[in-house]
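Hi there,

Here is the structure I promised to pass on.

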Amino acid sequence: MARHSEEECAYCERDLLPLSYVEGEDERLYCSVKCATVGEQRTLAEAAHVQTNVGTTDSAHA
């Protein structure tokens, strides 16, 4: 999920209220603890996916 601006939640893309955001362990900004929890899990899953694809080749281009 691409973020459109620094004023949006990294998970649900809802606007962040000034001084009313949560910084997740992944250093992204979220609008609530619930979004932070789910967003952090998504970040970990994306990182694991990238690591499993490192070193693999596309058989169509091999």
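Of the chain's 62 residues, 19% count as buried. Please keep in mind that this is a predicted model.

The secondary structure consists of 1 helix and 2 strands, and reading from the N terminus the order is β-β-α. As for contacts between residues at least 6 apart in sequence, 10% of them link residues at least 24 apart.

Thr43 sits in helix α1, which covers residues 33-53. Is Thr43 buried or exposed? Its relative accessibility is 18%, and because the cut-off for buried is under 20%, Thr43 counts as buried. Beyond its neighbours within four places in sequence, Thr43 is in contact with Asp26, Arg28 and Tyr30. With one of these, Asp26, the contact includes a polar one: the side chains of Thr43 and Asp26 are joined at 2.8 Å.

The other residue is Asn53, also found in helix α1. Asn53 has a relative accessible area of 37%; this lies between the limits of 20% and 50%, so the residue is classed as partly exposed. Which side chain does the side chain of Asn53 make a polar contact with? The partner is the side chain of His49, at 2.9 Å.

Best wishes

Note on methods: Residues numbered from 1 in each chain as written. Predicted model: local features only at pLDDT ≥ 70, side-chain atom pairs only at ≥ 80, totals over all residues. Heavy atoms only, no water. Helix = DSSP H or I, 4+ residues; strand = E, 2+ residues; numbered from the N terminus. Buried < 20%, exposed > 50% of the residue type's maximum accessible area, 1.4 Å probe, protein only. Contact = heavy atoms within 4.5 Å. Polar contact = N/O pair within 3.5 Å; in protein donor to acceptor, adjacent residues only side chain to side chain.
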